Amino acid sequence: MNILVCISNVPDTTSKINFKDDNKSFDTNGVQFIINPNDEFGLTRAIWLQQKSGAKVTVVTVGDASCEPILRKCLAIGADQAIRIDAIPEDGYFVASQLASLCAKEKYDLIITGRESIDYNGAMVGGMLASILSIPYVANCIQLDIDGTSASLQREIDGGKESLSATLPLVLGAQKGLVEESDLIIPNMRGIMQARQKPLTVETPSDVEGQTTIQNFEKPQAKGPVKLVDAANVDTLIELLQNEAKVL
Amino acid sequence: MSVVVYIESQNGIIKKAGLEVASYGRAIANSTKTALIAVTFNIEDTSILNSHGADKVYNINTAEDSFFNVDRYCASIVGIVEQENAKVVVVSASADGRYLGPILAVRAQAAYFSNVVALPSSYEPFTVKRSCYTNKAFNESVSEQGRVVVSLSSNAFGIVEQETAAEQLTGDYIESNSSLKVTSIDKATDKITIADADIVVSGGRGLKGPENWHLIEDLAEVLGAATACSKPVSDLGWRPHSEHVGQTGKPVASNLYIAIGVSGAIQHLAGINSSKVKVVINSDPEAPFFKAADYGIVGDAFEVVPQLIEKLKAIQ
Ligand SMILES: Cc1cc2nc3c(=O)[nH]c(=O)nc-3n(C[C@H](O)[C@H](O)[C@H](O)COP(=O)(O)OP(=O)(O)OC[C@H]3O[C@@H](n4cnc5c(N)ncnc54)[C@H](O)[C@@H]3O)c2cc1C
């Protein structure tokens with residue numbers, strides 16, 4: 001089985017978000033980049049399939065050379081090879097189209113994306129990729145079992161979960177639940193050494209255009225200070241919520 | 001030209017998110033002087049859409065297929081989008097809305113905007129404000145594409161009434177050759193979900209253990225609220241995954257969010273930031289949540305919450 005795991009390079013969850021160039025671009029100064037957490041859940045699930053049934057795991061990112069450290073980390077975690085499509089990922093449709101071009105060249109049985117990235121939170125690449133390829137997509141995926149070419153999966157929905165079945169190839173949007181936080185693989189020294197020898201190829205992007213562009217960014221307005229209510233006076237809190245905030 | 005909105009429902013009843021999407025679509029139809037076309041599935045009585053601005057309602061009966069089949073729903077909506085020559089299509093930000101949106105966009109040859117938080121600031125070209133970096137920032141995005149699909153963030157626009165006399169039509173439930181099938185659904189029908197709730201009561205590690213969750217549940221019950229929790233609480237197995245909120249969990253955009261024994265880590269706050277009013281109850285006055293909250297009580301949850309429940313019961 002051939003598995004493709006799509007990886008997004010995102011600012012660490014604790015990063016302070018700032019913009020530069022007249023609020024036109026993200027300020028990477030002092031920001032540490034990580035594997036998008038949802039993608040990492042997906043990668044871990046792929047590694048389990050590799051360990052269990054010898055699946056070959058390829059990781060791919062659409063990005064410039066600054067994304068290579070996280071691809072090396074994916075290799076250290078256990079991926080067999082990495083591909084970097086050398087383009088700036090400015091729009092979800094553009095990224096999905098680049099990934100679709102790769103999938104047209106190489107046959108993948110299972111394509112894993114993250115539920116959403118934590119930078120644009122678009123939750124769009126997986127669904128778009130599947131639609132471009134005309135194969136099924138399962139969003140918010142919390143369980144996957146594969147038997148031959150059939151897959152049974154679960155999707156988290158509002159207030160519960162849904163069980164689905166489909167035949168491979170398919171695309172899924174990974175999130176916590178597919179594997180647990182405690183299952184995430186921390187690369188060991190051997191993994192890190194091996195990762196240096198594994199192939200990381202750079203491919204030129206295919207000729208497609210994005211559909212949206214970002215004009216500028218802004219940060220939310222600063223919030224006023226908290227109104228503190230004495231612990232012995234919960235009545236006051238209720239009254240404030242009723243009459244001032246008008247939410248009760 | 002028209003605006004098409006996909007109206008979500010549950011057990012044949014239109015959801016609040018459905019009415020919000022209709023209200024938003026109506027506002028766009030008003031500014032662009034076009035018609036608002038609503039698409040519903042399995043609704044017995046669509047008359048409520050007459051007071052939320054629909055000019056036409058296509059109700060689609062899915063017959064024996066009682067689950068949300070993303071491919072068939074998508075194909076059915078695309079059929080109407082094309083027939084009505086829609087320039088703007090609006091879906092909600094529910095789990096199903098965010099599932100449908102990107103697929104719909106590709107199949108309808110539209111540009112896709114998720115996390116939209118306001119009406120477009122321009123239609124030529126289509127320009128709209130979206131949240132990004134998990135609510136730590138916003139951006140203005142533009143598309144020159146002839147058609148757009150918008151996923152509207154929950155509780156970002158609100159529900160606006162406008163009387164119309166909608167024409168009632170029946171839409172076709174289109175077949176799909178996708179191998180994807182929903183086989184079963186497991187959903188608590190008696191509990192309000194985080195996505196639908198006006199009020200969310202959330203518990204953190206400060207509650208010490210699952211045996212104390214009656215505090216959260218009882219408070220949620222008097223308020224008619226949904227229950228949520230911080231990430232470590234679900235990682236520890238004190239509460240189910242589906243309650244985990246934050247950057248790596250579910251987003252919350254309720255009117256009122258009450259956090260009890262939650263420290264307010266940046267990853268937690270990111271996911272709940274778009275709630276309108278935030279209340280924190282925490283024994284540590286230095287807890288970061290106090291910087292993000294509108295109202296707060298510095299105190300022991302085990303003392304404060306029972307009083308709060310009692311007082312709220314008394315005024316009901
Ligand atoms: C990649 C990544 C992603 C993450 N994603 C998320 C996410 O999506 N959601 C999320 O929630 N977290 C997330 N986290 C974890 C986050 O950093 C915090 O660790 C977590 O939110 C803390 O949970 P907590 O507030 O329940 O626990 P703690 O930080 O342990 O806080 C407990 C609080 O309870 C208070 N307390 C104790 N006793 C009492 C009492 N008797 N009465 C009142 N208050 C009391 C304490 O003062 C303290 O403030 C993420 C972390 C990482 C690294």
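K15(B) is buried, with a relative accessible area of 12% (buried means under 20%, exposed over 50% and partly exposed in between, using a 1.4 Å probe and protein chains only). You are looking at a predicted model, in which local features need pLDDT of at least 70, side-chain atom pairs count only at pLDDT 80 or more, and totals for chains, interfaces and linings use all residues. Residues are numbered from 1 along each chain as its sequence is written, chains are lettered from A and ligands numbered from 1 in the order written, and side-chain values use heavy atoms, with hydrogens and water left out.

**Salt bridges within a chain**

- Let's begin with the partner of K15(B): its side chain meets that of D196(B) in a salt bridge, at 3.9 Å from N to O (the rule asks for a side-chain nitrogen of Lys or Arg within 4 Å of a carboxyl oxygen of Asp or Glu).
- These two residues are 181 apart in the chain: D196(B) sits in the loop between β13 (181–187) and β14 (199–203), and K15(B) in the loop between β3 (13–14) and α1 (16–32) (helices, H or I with at least four residues, and strands, E with at least two, are DSSP runs numbered from the N terminus).
- D55(B) and R26(B) also meet through their side chains in a salt bridge, here at 2.9 Å from N to O.
- D55(B) is in the loop between β4 (35–41) and β5 (56–60) of chain B while R26(B) is in helix α1 of chain B, so this pair ties together parts 29 residues apart in sequence.
- R26(B) is buried at 9% relative accessible area, whereas D55(B) is partly exposed at 28%.
- In chain A, R84(A) forms a salt bridge with E68(A), and their closest N and O atoms are 2.8 Å apart.
- That pair links distant parts of the chain, with R84(A) in strand β7 (residues 81–85) and E68(A) in helix α2 (residues 68–77), 16 residues apart.
- R84(A) counts as buried at 6% relative accessibility, while E68(A) is partly exposed at 23%.
- Over all chains, a search of the whole structure finds 25 salt bridges.

**Where the chains meet**

- Chain B brings 81 residues to the contact and chain A brings 73 (contact means heavy atoms within 4.5 Å).
- About 6,700 Å² is buried between the two chains, with carbon and sulfur atoms giving 57% (this is the accessible area, 1.4 Å probe, that two parts lose on being put together, summed over both).
- Y99(B), Y133(B) and Y295(B) supply 12% of the area that chain B buries against chain A, more than any other three residues.
- Between chain B and chain A the rule finds 7 salt bridges.
- K129(B) forms a salt bridge with E218(A), with the closest N and O atoms 3.5 Å apart.
- Helix α3 (residues 95–107) of chain B gives the most to the side of chain B that touches chain A, with 8 residues.
- A network of salt bridges links K176(A), E181(A), K231(B) and D235(B).

**Nonpolar cores**

- In soluble globular proteins, nonpolar side chains tend to be buried together.
- The largest nonpolar core here has 90 residues, and L172(A) and Y99(B) have the most contacts inside it (a core is a set of buried Ala, Val, Leu, Ile, Met, Phe, Trp, Tyr and Cys residues joined through side-chain atoms within 4.5 Å).
- A second, separate core of 36 residues includes V247(A), V279(B), I281(B) and I309(B).
- Setting aside neighbours within four places in sequence, Y99(B) is in contact with residues including Y137(A), R155(A), F68(B) and L180(B).
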